[in-house]
Amino acid sequence: MLKINNLHVKLEEEDKRILKGVDLEVPAGKVHAIMGPNGSGKSTLSYVLSGRDGYEVTEGDATLDGEELLDMEPEERAAAGLFLAFQYPVEIPGVGNMTFLRTAVNAQRKARGEEEMSAADFLKFVRAKAKDLKIDADMLKRPVNVGFSGGEKKRNEILQMAMLEPKMCILDETDSGLDVDAMKLVSEGVNALRDEGRSFLVITHYQRLLDHIKPDVVHIMAAGRIVKSGGPELALEVENNGYADILAEIDA
Amino acid sequence: MAGVDELIAKEGVEEETVEAVKSLAGAYKYGWETEIEMEYAPKGVNPDIVRLISEKNDEPEWMTEWRLEAFARWEKLEEPSWALLNYPEIDFQDQYYYARPKSMEEKPKSLDEVDPKLLATYEKLGIPLKEQMILAGVEGAEDMPAEGRKVAVDAVFDSVSVGTTFQAELKKAGVIFCSISEAIKEHPELVKKYLGSVVPVSDNYYATLNSAVFSDGSFVYIPPNTRCPMELSTYFRINAENTGQFERTLIIADKGSYVSYLEGCTAPQRDTAQLHAAVVEIIIEEDAEVKYSTVQNWFPGDEEGKGGIYNFVTKRADCRGDRSKVMWTQVETGSAVTWKYPSCILRGAESQGEFYSIAITNNYQQADTGTKMVHLGRDTKSRIVSKGISAGKAQNTYRGLVSMHPKAKNSRNYTQCDSLLIGDKCGAHTVPYIEVKNNSSRVEHEATTSKVDEEQMFYCRQRGMDEEEAVALIVNGFAKEVLQALPMEFAMEAQQLVAISLEGSVG
């Protein structure tokens with residue numbers, strides 16, 4: 001599914017190296033988590049993979065099902081099946097959530113040469129998915145993320161994910177700003193989407209999200225590289241002892 | 001099912017917007033010209049030309065005199081220069097003031113006689129099929145069930161009106177909807193009473209010129225206590241080169257009546273600038289209501305700023321009667337230069353004026369547009385919502401006047417003026433004038449300026465939209481309040497226009 005090979009990235013505007021040789025492979029159907037202290041490059045990895053401006057890849061590559069991701073426009077990556085659940089979902093005033101979703105769904109379908117979804121089919125589809133995430137009709141009509149609570153914004157991200165049915169989902173600190181109930185709801189939404197053909201890369205600071213979304217593999221990222229990988233127990237180790245021990249172990 | 005469609009349609013951008021961007025990439029959709037033999041008056045303007053125009057329209061003596069008087073005044077006036085617009089000096093003697101298709105030399109007695117090429121032109125403009133058939137004089141077309149809502153159309157091609165649809169049905173309701181040249185002959189008492197009563201001959205440079213040389217336009221009269229049974233619509237098209245179009249529209253809503261009027265405009269793509277100076281006058285009596293919606297898509301000039309329409313328009317509504325109401329909605333996406341301030345004279349007690357505007361300028365387009373709300377009567381209310389969008393190297397100015405006269409006790413105005421910038425070479429300007437001459441009225445003004453945000457763009461693109469789809473979506477969201485004020489058919493067209501007119505503004 002997703003293969004990242006020796007990825008080096010610096011900021012476009014200044015001479016600051018952020019990723020310094022990331023190697024990562026997420027096979028189909030698997031959930032991988034990336035944990036790490038602030039400033040380790042976790043969010044940058046998600047932005048570089050999804051094609052946000054402001055970063056320069058100096059070395060290495062990333063492929064999704066063999067397709068070179070880094071050469072593609074952001075929308076082409078989306079159509080190829082890459083989805084990023086944003087840490088800070090953006091507000092778009094005046095654009096109804098439903099309109100946004102429909103435009104996105106149909107843009108991707110068109111890019112893949114599929115027929116666009118009719119208004120009626122779309123409505124049925126979105127209502128069913130929204131119900132699973134306890135998103136009410138009112139939230140679908142409101143402008144995208146405008147006036148949404150933290151929990152609503154994150155649920156809205158998962159709704160978009162459910163609607164777009166991507167192959168590779170990146171969750172960038174989806175747990176930030178969520179209370180326990182909201183986190184449970186979001187996690188249930190994600191778990192419902194787990195599937196043989198779909199992979200997840202879950203970026204988080206804290207172990208608690210991984211209680212709900214059980215990862216197959218946990219990676220620890222520090223100073224722009226993946227420094228340690230292991231099973232779910234690695235997350236618990238971080239939770240109990242912090243990053244210091246692991247980082248010290250690596251330096252040694 | 002109707003519920004479903006309605007819900008989606010009201011949300012903002014439809015997939016048609018996106019399709020329109022795709023299918024029309026890089027091109028002004030209406031940029032073709034129709035090859036029709038034209039008859040021109042000689043270039044330039046002088047009393048002889050004024051007389052000729054009057055004669056060609058077979059006008060009575062009083063009308064000719066009215067025009068000549070206007071011309072005499074115009075000669076003494078100077079072109080105004082206060083607007084924030086830069087354009088080469090217009091040589092008013094280097095324009096044709098009268099052009100009409102040769103086939104119209106004898107006004108067609110029935111629509112069968114209309115040149116098929118003209119009708120083909122209107123087909124290209126997307127005039128609904130049924131109206132086309134009626135314009136084409138297809139027998140029985142009037143009795144066919146209309147698809148969706150009915151819209152009666154008056155089509156004005158260069159200087160003359162080529163046909164009005166649904167005449168019979170309107171007549172049944174007592175509504176008069178015809179070309180103004182016809183009205184001058186058939187309803188002189190109404191024309192004499194109202195023409196120039198809202199926009200006086202002496203009003204301003206362009207209006208005075210229009211009064212002298214207007215060639216045609218539309219006339220509407222809604223009798224007392226009548227709700228016009230369908231939307232009325234005029235399509236204006238400039239076809240001939242170096243031709244000014246000076247149309248004149250006169251709408252009278254008698255006591256307790258209601259009408260919704262739509263105006264659409266296009267012109268072919270040319271290197272040389274073309275002049276358009278229209279006058280619209282609306283008279284609204286007691287308890288009557290008029291909605292006037294415009295989608296202006298004159299050729300905006302090319303990417304280097306060559307060609308395009310110079311659009312100098314005077315539009316004014318006079319709310320004469322108590323509790324009368326007018327609503328102007330405009331979507332201005334075309335023209336190289338726009339100078340336009342649809343205004344409301346709130347004379348009647350408790351009368352209301354509303355102005356909703358979207359002005360989009362891209363490339364080298366310039367727009368100086370806004371409204372005037374003149375509160376004369378007590379308890380009058382006005383509301384202004386203006387959305388200016390600038391891209392490329394365009395300049396977009398909102399200029400508005402809110403005036404509370406001494407007798408306009410307890411009156412209110414609310415103005416909201418938002419500007420959106422795309423890129424860093426365009427400009428947005430807001431110039432509000434506020435005069436309050438009594439102490440019981442309230443005027444509120446809110447203004448914002450923002451840029452299309454990189455984060456919003458990336459968010460949309462990560463979800464699969466390309467840059468142009470994303471900009472169209474964001475801009476349609478920005479302008480939503482105004483789009484919602486348009487009649488449904490126009491709203492769709494307007495959304496597409498928003499997308500098309502911003503092509504090439506990103507990336």
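Which backbone oxygen does the side chain of B:Gln365 reach? The legends below take this residue, the interface and chain A in turn.

This is a predicted model, in which local features need pLDDT of at least 70 and side-chain atom pairs count only at pLDDT 80 or more, while totals for chains, interfaces and linings use all residues. Residues are numbered from 1 along each chain as its sequence is written, chains are lettered from A and ligands numbered from 1 in the order in which they are written, and side-chain values use heavy atoms, with hydrogens and water left out.

View 1. The side chain of B:Gln365 reaches the backbone oxygen of B:Thr333 at 3.0 Å. B:Gln365 has 4% relative accessibility and therefore counts as buried (under 20% relative accessible area, with exposed over 50% and partly exposed in between; 1.4 Å probe, protein chains only). Leaving aside residues up to four places away in sequence, B:Gln365 touches B:Pro300, B:Thr333, B:Gly334, B:Ser335, B:Ala336, B:Ile360, B:Ala394 and B:Gln395 (contact: heavy atoms within 4.5 Å).

**View 2. The interface of chain B and chain A, with 32 residues from chain B and 45 residues from chain A.** About 3,100 Å² is buried between the two chains, and carbon and sulfur atoms give 61% of this area (accessible area, 1.4 Å probe, that two parts lose on being put together, summed over both).

**View 3. The salt bridge between B:Glu455 and A:Arg52.** The N to O distance between these side chains is 3.3 Å. The rule finds four salt bridges across the interface of chain B and chain A (a side-chain nitrogen of Lys or Arg within 4 Å of a carboxyl oxygen of Asp or Glu). On the side of chain B that touches chain A, at least two residues each come from α1 (2-10), α2 (15-23), α11 (454-462) and α12 (467-478) of chain B (helices are DSSP runs of H or I, at least four residues, and strands runs of E, at least two, numbered from the N terminus). α11(B) gives the most to this side, with eight residues.

**View 4. Chain A, with 10 helices and 12 strands.** The C-alpha trace of chain A spans about 60 × 40 × 35 Å along its principal axes. Of the 252 residues of chain A, 56% count as buried. Among contacts in chain A with a separation of 6 or more, 69% join residues 24 or more positions apart.

How values were computed. Polar contact = N/O pair within 3.5 Å; in protein donor to acceptor, adjacent residues only side chain to side chain.
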